[in-house]
Amino acid sequence: MQFKSAYLQGVYDSVCKRNPHEPEFLQAVGEVLESFEPVVEKRPDIVEKGVIDRMVEPERMIMFRVSWVDDNGKVQVNRGYRVQFNSAIGPYKGGCRFHPSVNLSIIKFLGFEQTFKNSLTTLPMGGGKGGSDFNPKGKSDNEIMRFCQSFMTELAKHIGPDTDVPAGDIGVGAREVGYMFGQYKRLRNEFTGVLTGKGLTFGGSLARTEATGYGLLYFTEEMLNCMKNDSIKGKTIVVSGSGNVAIYATEKATELGGKVVAMSDSDGYVFDANGIDLDVMKQIKEVERARISEYAKRVAGAEYHEGCAGIWGVKCDVALPCATQNELDGESANKLIANGVIAVAEGANMPCTPEAINAFHSNGVLYAPGKASNAGGVAVSGLEMSQNSMRYSWSFDEVDEKLKGIMKNIFHASYDAAKEFGLNDNIMAGANIAGFLKVAAAMIAQGVAY
Ligand code: NAP
């Protein structure tokens, strides 16, 4: 990557040299550094204090063996990770991902992005991320429990309610968080808010399950309102994925008057011209944990197509990628543009490749980056931490109202920062800058250790 600023070029080159086999991490760092060109011009103190040099290196990385016994009595071995990226503004905070593709590069890119996202929420949370290359698909409940217990046996040494507070992500939902919480409590003999996304009977927050998807729609609605004088009402929408984020994005989009016509999983996508029947989708995905192809067997008129990338060929006004990183490339972006898409908002982390983002920017498509538009999940996790500390819980509506306020603020903070630094309507650069400046101020105030 080429930068105008020699300083940023130096930072990027040294990150490449230090992390040569980590393409996702380099992609995430490159995208953020590109946004900092006007910052380094206006703020020489940030350069002098080495803030950016420090931010691209995690404070701590932990890798560990996770051995567990499967239902046939055979010993299995996976690798566990926790990357504690930045604690300038609060305890490390970020989810855990269980998926066979997990490696250090993926956990580092997620931890890096999380630092900016958490700052944007305005809540006191640093950035971190963890996970394992464990594949939960096809495992029995008991196998999941034994894996989670083994994973937490090591992780417990490194986390705590004032140190590092993990949560869910791909492959880690309420069931996995429950098993991990139980093991932490057994090991420590203490009942604390050490994880978020907990069950409602033991400290979980109402609206946490819905938060990322709902928050994505609150953000998108505000963006359409402010930048196009438009709204979700009457829009045709495509949502990729059919996990936690995708399901609740679809629910809120429908509630706001939009029509979601397609959803996917890693095998393929379904198209339903009448609008996705979410009760059927929830039954298949949340209850039966089955494949999305089932949907077309159960709903008259719905079609199933093999291959998940095909979903971007479906004509829509608004596209919401909610599955995984780099799922929407330049070619898919061009299909969406040719079909007249007006806005793309990321529910997943880094789902659009740099080529896709460039295509949206150069064709006047509104583009909302995940670190801003999917921050609703961690925002409600922050509210769960507050409720746990108070030993009190807010109603669903109270949490939902706070979430709505936070998402609107994140949009305006990103939009205003883009304007202030002369970046027009580039919400991505605005989000990077707004998230960064708060962390930078804290890092400068706290000094450098000698
Ligand atoms: P989830 O419930 O596990 O669902 C993930 C969905 O994405 C599933 O439909 C899955 O399909 C699909 N998927 C996963 N890997 C894929 C791949 N390599 N190719 C194509 N599809 C793939 O996870 P989630 O919590 O909804 O998370 C989705 C995204 O949102 C992730 O990027 C995550 O980091 C981000 N995010 C989540 C939260 C949160 O609160 N959960 C907050 C912020 C951001 P299969 O079932 O076929 O694998």
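1. The centres of domain 1 and domain 2, taken over C-alpha atoms, lie 27 Å apart. The model is predicted, with local features needing pLDDT of at least 70 and side-chain atom pairs counting only at pLDDT 80 or more, while totals for chains, interfaces and linings use all residues. Residues are numbered from 1 along each chain as its sequence is written, and side-chain values use heavy atoms, leaving out hydrogens and water.

2. The domain assignment gives domain 1 (6-55), domain 2 (60-190) and domain 3 (211-368); such bounds come from an automatic or database assignment.

3. In domain 1, 11 residues are in contact with 11 residues of domain 2 (contact: heavy atoms within 4.5 Å). The two domains bury about 980 Å² between them, and carbon and sulfur atoms give 68% of that area. Buried area is the accessible area (1.4 Å probe) that two parts lose on being put together, summed over both. Of the area that domain 1 buries against domain 2, Glu24, Phe25 and Met55 supply 56%, more than any other three residues.

4. The rule finds 1 salt bridge across this interface (a side-chain nitrogen of Lys or Arg within 4 Å of a carboxyl oxygen of Asp or Glu). Glutamate 22 and lysine 108 meet through their side chains in a salt bridge, at 2.7 Å from N to O.

5. On the side of domain 1 that touches domain 2, helix α2 (residues 23-35) gives the most, with 7 residues. Helices are DSSP runs (H or I, at least four residues), numbered from the N terminus.

Terms used. Helix = DSSP H or I, 4+ residues; strand = E, 2+ residues; numbered from the N terminus.
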